[in-house]
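Q: Hi! I'm new to this one and would like a friendly tour. Could you show it to me?

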Amino acid sequence: MKVVETMEKGVKDVLVKKGIEILSKDPEKNVDKLFDIIKKAVKDEDNLAKINSVQRYYNEIPSVNAYIKGMLKNTDKKCLEKLFTNFFANAAWYGIPKRAKLFEEKGIKTPFVILLSPSMRCNLRCTGCYAANYSREDDIPYEEVDRIVKEGRDLGIYYFIILGGEPFFNEYMLDIYEKYNDVIFSPFTNGTLFDEKLADKLKELGNVVPMLSLEGFEKETDARRGKGVFKKVMHGMDLLKERGILFGVSSATGRHNVDTVSSDAFIDMLIEKGAKMSWFFIFMPVGDAPDVNLMLTPEQRLMLGKRVRKIRTTKPYFAIDFFNDAPYVGGCIAGKYYCHINSHEDVEPCIFAHFATDNLKDKPLLDVFKSSFFKELRSRQPYNDNLLLPCMMIDNPEVIRDVSDCTGAKPTDKGAEMMIHDEKFKKDLDKLAEDFKPHADKAWKEEFNSTGNYKMSKG
């Protein structure tokens, strides 16, 4: 077995080298060769089918063709090479089989990506956000972050999303990015701290793909984040685009800005500024003062999904809808394909699901993935046959109550505590799920033919 693994790694190493050679020359002229290299390294039939689909889209859909060629043409060579080696080679080719072997031999399921909040400190005072209340004493020490990333990488996890607070507030994270240069990092940032020095450093590193947060245009963004923030974010985008650094946008989507952030005008502006993708997250009733009235209406939630799917097929841009894309990934993927480590080192299934049974202080990362909490969540997925109802908190709220009760998972913030014990808030969540269900059932039947990626839900 060891000999076979060594031979497979040798073949992959040769393919990675060929891929880098293509990326260092004229990558936009050799896209099909890059696809062929990737396919040679992939054995899993499902993943191979997905890659073939993307290649077909590239050859048949003009917007996809323009997107891939544009990214290859306008991205800094080192950033491209790091995306290819750290994400495609390390995270996918090497990491996935390594983690699959661990699951097969020891029954331990490890995630593809870890969300990590080293600090909750921030330089902004956004309306409704509690991050500004934290101090340096609440940060995870550098040594602990270093240990977590190292242990994750040793398990085959080469993709870390860095949250907060403001990720660039902690300067030691730049040292982490540099030390683990075989890992891909995506800091979700408010975008106000970018200057020439930071932009130059990110270009030098190559393995950092920032996601800049925007509520919409200047009016919507400054209304929540403060006067002048939008212009600072625009300046940051200019600095990144000038250097060919890959970056995207994250939009928290509520009922008052959904039309703006999903509009053609907004997406076209992001494309012009050099962004390569958007992640849409619907406003969730979490934190110290959860409010369901700020959430999308049922009609808006499904409309967002339609618009995102249209963006992917009509514009040279990649968009992900965290909730409406659930049918493609088997429903909820929290605790299975990703997890969140908060600034207290509690290990939660999701950035929105503030519940935990384990804390990483004085405990190896591997031991956390043995927890009954994550196993129970995985055994219940999907939580609903209708994969447009993926969430255990807002779509199937009885799940989080039951799982918390049977595993002993404890709330890690006030909002989570209210989900379990506050009768009024529990009724609000039940009503939210009840109101959305008939709309989701109709869309599930008419737009998805009542089927989705159930195989991945059990992955």
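Q: At what angle do helix α13 and helix α18 pack?
A: Helix α13 (residues 298-314) and helix α18 (residues 423-448) pack at about 30°, and their axes are 9 Å apart. That makes α13 roughly parallel to α18; angles under 35 degrees count as roughly parallel, over 145 as roughly antiparallel, 65 to 115 as roughly perpendicular and the rest as oblique. Axes here are lines fitted to C-alpha atoms, for helices over the stretch in contact, with angles running from 0 to 180 degrees between N-to-C directions.

Q: Before we go on, what sort of model is this?
A: This is a predicted model, where local features need pLDDT of at least 70 and side-chain atom pairs count only at pLDDT 80 or more, while totals for chains, interfaces and linings use all residues. Residues are numbered from 1 along each chain as its sequence is written, and side-chain values use heavy atoms, leaving out hydrogens and water.

Q: And how are helices and strands picked out?
A: They are DSSP runs numbered from the N terminus: helices are H or I with at least four residues, strands are E with at least two.

Q: Back to that pair, then. Which residues of α13 and α18 meet?
A: From α13, those meeting α18 include Pro298, Leu302 and Arg309. On the α18 side, Phe436, His439 and Phe448 are among them. Contact means heavy atoms within 4.5 Å.

Q: Nice. How do α10 and α12 lie relative to each other?
A: The axes of α10 (residues 229-242) and α12 (residues 264-273) come within 9 Å and cross at roughly 45°. The two helices are therefore oblique to each other. Among the α10 residues that meet α12 are Phe230, Met234 and Met237, while Met269 and Leu270 are among those from α12.

Q: Where does helix α5 bend?
A: Helix α5 (residues 77-106) bends by about 45° at Gly95, and a proline, Pro97, follows within four residues. The bend at a residue is the angle between axes fitted to the seven residues ending there and the seven starting there.

Q: What's at the start of α5, and what comes just after?
A: At the start, a side-chain oxygen of Asp76 reaches to within 3.1 Å of the backbone nitrogen of Lys78. Just after α5, Gly107 takes a positive phi of about 70°.

Q: New topic: is Glu215 buried or exposed?
A: Glu215 is buried, because its relative accessible area is 6%; buried means under 20%, exposed over 50% and partly exposed in between, using a 1.4 Å probe and protein chains only. Glu215 sits in the loop between β4 (211-213) and α9 (218-225).

Q: Which side chains make polar contacts with Glu215?
A: Its side chain makes one of 3.1 Å with that of Arg224 and one of 2.9 Å with that of Arg225. A polar contact is a pair of N or O atoms within 3.5 Å; within protein, one must be able to donate a hydrogen and the other to accept it, and residues adjacent in sequence count only if both atoms are side-chain atoms.

Q: What about Asp146, where is that?
A: Asp146 lies in helix α6 (residues 142-154). Asp146 is buried too, with a relative accessible area of 13%, and its side chain makes a polar contact of 2.9 Å with the side chain of Lys179.

Q: Last one: which side chain does Thr412 make a polar contact with?
A: That of Glu348, at 2.5 Å. Thr412 is in the loop between β11 (410-411) and α17 (414-421), and is partly exposed, with a relative accessible area of 26%.
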